[in-house]
Every structure is written in structure tokens, then in C-alpha cells.
Amino acid sequence: MTSHSRSGPGLLSLLPLLPLAPLAAPLAMLAVGAFVLSGCAAGALSAQEGQRKVAGRVFVVTGASSGFGRGVALKLGGYGGHVVLAARRAAVLEEVAAQVRAAGGQALVVPTDVASPEEMQRLAEAAVARFGRIDAWINNAGVGAIGPFEDVPLEDHARIVDVNLKGVIHGSHVALRQFRRQGHGVLVNLGSVESQVPLPYHASYAATKHAILGLDKALAQELRLSGARDIHVTTVMPWGVDTPFWDHAGNDSGRSPRMVALDGPEQTVDAIVWAAIHPGREMPVGWKARGALLSHQIWPGLAERVAANIAHRAQMEDAPPAGDRPGSLHEPMAEGVGVGGTTRARMEREDAARGGAVEAVRLGAHG
Ligand SMILES: NC(=O)c1ccc[n+]([C@@H]2O[C@H](COP(=O)([O-])OP(=O)(O)OC[C@H]3O[C@@H](n4cnc5c(N)ncnc54)[C@H](OP(=O)(O)O)[C@@H]3O)[C@@H](O)[C@H]2O)c1
């Protein structure tokens with residue numbers, strides 16, 4: 001984002017902490033403590049640890065054709081992991097599989113729609129048939145729809161629930177049954193900062209991400225109560241990230257999709273790989289996510305209002321007009337196969353054009 005934007009990354013990055021201002025001294029200590037402690041929770045594996053803890057282990061990754069899932073598959077492959085790749089775009093998965101093998105790993109492609117319980121069952125069976133067990137299952141596939149709740153078609157809201165929530169339930173069900181049989185396993189589910197801080201114009205997306213956090217908390221207690229010490233569930237919660245997600249999202253906002261202060265994908269890819277090896281409970285990614293979640297815990301109403309005001313300005317006021325589209329909710333799109341996306345660059349171009357237009361009006365008024 002450029003200096004033309006009124007909601008630039010610096011401002012947004014501080015806003016999650018604004019609610020703490022009246023209680024600055026004690027909360028600053030709390031924030032620093034939380035920052036330091038949670039900063040220790042996730043990181044990048046060293047090459048040596050990656051080889052030691054990933055080589056020969058079996059990982060199922062849903063949503064492996066682009067974004068985080070593709071990045072995770074490639075990283076695991078580079079450490080010699082056995083990676084089972086699931087998504088709808090079979091040809092793209094074959095490309096990812098070739099890269100995993102070239103990097104030293106083994107790969108199995110299983111084209112899968114996570115919304116189908118039968119296909120998810122087949123995914124688990126294919127993984128076990130090929131590699132004998134599943135050490136970690138990463139429910140990463142997800143989609144979004146942007147726009148005022150009543151303008152987003154009902155079938156799109158329903159599809160978001162089918163993919164983001166039912167897909168995670170399907171994956172968690174088959175994974176945990178397998179983990180119980182083998183006596184160990186790590187389940188990693190992709191939440192979001194929106195698992196706790198919902199944004200306007202993302203209503204059903206935020207609802208599914210809240211639900212994933214609730215699901216994982218309940219599962220963690222079931223695992224504890226049943227004495228399953230070697231079976232773990234972790235929720236990874238990134239901030240907004242520049243992946244193809246923003247091109248794949250349905251859009252009924254009338255404006256081009258935006259998110260302020262987008263992170264790059266590398267940190268989240270590392271966090272997901274880390275979570276599959278060092279499971280924790282909830283794993284916010286990066287200091288913006290940690291700050292937003294902490295301020296929400298302390299002052300939820302104000303944190304939600306501040307976040308909503310920023311999101312409204314970015315999405316409904318600053319973004320240029322754009323046509324509606326269903327994105328990849330119901331059918332996969334050819335576009336968007338990288339780990340990183342093009343949204344930050346597009347927003348910079350849009351902001352530069354808007355800055356130029358404002359300047360032209362200003363000069364015209366003085367000319
Ligand atoms: N980017 C962000 O700002 C952000 C922030 C927080 C959390 N997240 C979460 O991170 C996860 C990955 O998203 P991303 O950012 O990497 O976006 P992405 O590049 O769009 O990746 C989404 C992946 O999900 C797959 N997918 C979509 N619908 C599917 C279905 N019905 N069945 C199987 N696979 C399906 C897509 O592949 P096909 O189209 O080939 O099926 C793709 O591989 C999502 O759960 C998202 O909610 C993203």
C-alpha cells in the first residue's frame with residue numbers, strides 16, 4: 001500500500017493496540033509478555049530440524065494448489081516429507097507434486113472437493129494406502145465472499161459454510177479416526193484473525209473461522225479427557241495475507257477486493273509447517289494478529305468497532321468500483337496458482353491512480 005492510502009499499514013498496525021491506551025502501563029507489560037511468549041510459539045524450522053522432523057513423515061495438505069497450501073507442500077517436500085496433495089485443480093496439483101519430488105520429497109495427488117465427505121474419506125484412504133499412516137493432517141482449503149451480507153447470494157454463504165466449516169469437520173473426522181487407530185497425529189486447522197475479530201463484509205467467512213476455533217477447542221478437550229496424549233489439534237490464525245485468496249474470493253461489494261496491511265505468505269507457511277511439528281493450541285501468526293487478538297480479549301467491543309471502521313473505509317470507500325463475481329466458490333478458477341498473490345501490487349496501482357486523479361483535480365482547481 002502506498003502513502004496515498006488513508007488506511008496504510010503503519011496506522012492499521014497500531015490500531016489493534018489502541019483500545020489499550022487508558023491502561024497503558026500494566027497492559028504494555030502484558031502485551032510485551034504475550035508478544036514475547038507467543039513469538040516463541042511459532043517460527044521457521046531450521047534446515048536441520050526440518051530434515052530431522054519432516055523427512056519420511058506423512059502430511060495431508062488440503063488446498064495445496066495455491067497460496068499457503070502450495071507453500072507448505074513445497075516446504076515439506078524440501079525437507080523430504082511425504083506429502084498428500086488435495087484440492088480441486090488436478091493439473092495444478094500435478095505441477096506441485098513434480099516440484100515436491102524435485103525437492104526431494106514424495107507426493108501423492110488426490111483431487112478432492114473438501115465439501116464432499118465421501119471424497120475426504122477417499123483422501124484419507126489413499127494417503128494410508130500409499131504411505132501407511134498419516135502423521136499430520138492440515139485442513140487449509142478455504143474460500144471467502146466479500147460484500148454486504150444481504151447482497152452476497154445465499155448459495156454463496158452456504159458454500160462458504162460447506163467448504164470452510166463442513167470441509168474442516170470432514171477432514172478432522174477422518175484424520176482423528178486415523179490418529180486414534182495409530183495412536184498419534186497432529187491436526188492443523190486454518191483459522192484466521194477473523195476467528196476472533198470479525199470484519200464487516202466478510203460475515204459468513206468470519207462465522208466459519210469463529211466456528212473452526214470453537215471446534216478445535218472442543219476437540220482439544222475431548223482429546224485430553226480421553227487421555228490421547230500424542231494426538232493434538234492446533235488452530236493457525238494469520239492476519240490478512242497476499243495470496244491468491246483475494247482473487248478467488250466471491251465479490252459482491254461493487255468494489256475491488258481489499259485488505260489493509262497485507263502480510264506476505266512466507267511467515268504463515270512457516271507457521272503451518274511449525275504447527276504440524278510443534279503443535280500448540282491457538283497460533284496467531286505475526287505481531288499484527290497477536291496485537292489484534294490481545295486487544296480483542298481485553299476490550300472486544302472497541303476492537304471490533306475500530307477494525308470494522310478501517311475495513312469499511314478500505315473496502316467500501318477507498319477501493320475502486322469493480323463488477324461482481326462468484327470467485328472460485330463453486331468452480332475452481334484457472335487464475336491464482338502461486339503461493340503469493342497480486343493484491344498488494346494491484347492496491348498500490350489503484351492507490352497511485354487515485355492519488356494522481358486527486359492531484360489532477362487539485363491542480364485543476366488552482367489552474
Ligand atoms: N490469505 C489470507 O488473507 C488468509 C488469512 C487468514 C486465513 N486464511 C485461510 O488460509 C487458507 C488458505 O487460503 P489462501 O490464502 O492460501 O488462499 P488460496 O490461494 O485461494 O488457497 C485456497 C486453496 O483452497 C482450495 N480450495 C478451495 N475450495 C476448495 C474445495 N471446495 N475443495 C478443495 N479445495 C478447495 C483451492 O484450490 P482449488 O481451487 O484448486 O480447489 C486452493 O488450493 C484458507 O482457509 C483461508 O481462509 C487466508
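How many residues does helix 10 have, and how far does it reach from its first C-alpha to its last? Helix 10, residues 266-277, has 12 residues and reaches 17 Å, close to the 16 Å expected at 1.5 Å a residue, where the expected span is 1.5 Å times one less than the number of residues.

Before I go on, a word on the model. What we are looking at is a predicted model, in which local features need pLDDT of at least 70 and side-chain atom pairs count only at pLDDT 80 or more, while totals for chains, interfaces and linings use all residues. Residues are numbered from 1 along each chain as its sequence is written.

The secondary structure of the protein chain comes to 13 helices and 9 strands, taken as DSSP runs numbered from the N terminus, with helices being H or I of at least four residues and strands being E of at least two. Of the 367 residues in the chain, 50% are buried; a residue is buried if 20 or more other C-beta atoms, placed from the backbone, lie within 10 Å of its own, exposed if 12 or fewer, and partly exposed in between. Among contacts between residues at least 6 apart in sequence, 76% join residues at least 24 apart, a contact being two residues whose C-beta atoms, placed from the backbone, lie within 7 Å.

Let me return to helix 10, which is mostly covered, with 9 of its 12 residues buried. Those buried residues are Thr268, Val269, Ala271, Ile272, Val273, Trp274, Ala275, Ala276 and Ile277.

What packs on helix 10, and at what angle? Helix 4, residues 67-78, packs on helix 10 at an angle of about 60°, with the two axes 9 Å apart; here the axes are lines fitted to C-alpha atoms over the stretch in contact, and angles run from 0 to 180 degrees between N-to-C directions. Helix 4 is therefore oblique to helix 10, since angles under 35 degrees count as roughly parallel, over 145 as roughly antiparallel, 65 to 115 as roughly perpendicular and the rest as oblique. From helix 4 the contact takes in Phe68, Gly71, Val72, Lys75 and Leu76, and from helix 10 it takes in Thr268, Val269, Ile272 and Val273. By class, these residues divide into 6 nonpolar, 2 polar and 1 charged, with Ala, Val, Leu, Ile, Met, Phe, Trp, Tyr, Cys and Pro counted as nonpolar, Asp, Glu, Lys and Arg as charged, and the others, Gly among them, as polar. As background, an α-helix has 3.6 residues a turn, so residues three or four places apart point the same way.

Helix 4 also has helix 5, residues 90-102, as a partner, and their axes come within 8 Å and cross at roughly 25°. That angle makes helix 4 roughly parallel to helix 5, and this crossing is right-handed. Here Arg70, Ala73, Leu74 and Gly77 of helix 4 meet Val96, Gln99 and Val100 of helix 5, a contact with 4 nonpolar, 2 polar and 1 charged residues.

Valine 241 lies in the loop between strand 7 (231-238) and helix 9 (245-248), and valine 241 counts as buried because 26 C-beta neighbours lie inside 10 Å. Leaving aside neighbours within four places in sequence, valine 241 is in contact with Leu262, Asp263, Pro265 and Thr268, and Thr268 is one of the buried residues of helix 10. Valine 241 and valine 260, 19 residues apart in sequence, are 9.5 Å apart in space, C-alpha to C-alpha.

Alanine 261 sits in the loop between strand 8 (250-251) and helix 10, and counts as buried with 20 C-beta neighbours inside 10 Å. Tyrosine 201, in the loop between strand 6 (185-190) and helix 8 (203-225), likewise has a positive phi, near 70°, and tyrosine 201 is buried, with 26 other C-beta atoms within 10 Å.

Definitions and conventions: Left-handed = near helix turned anticlockwise from the far one by under 90°.
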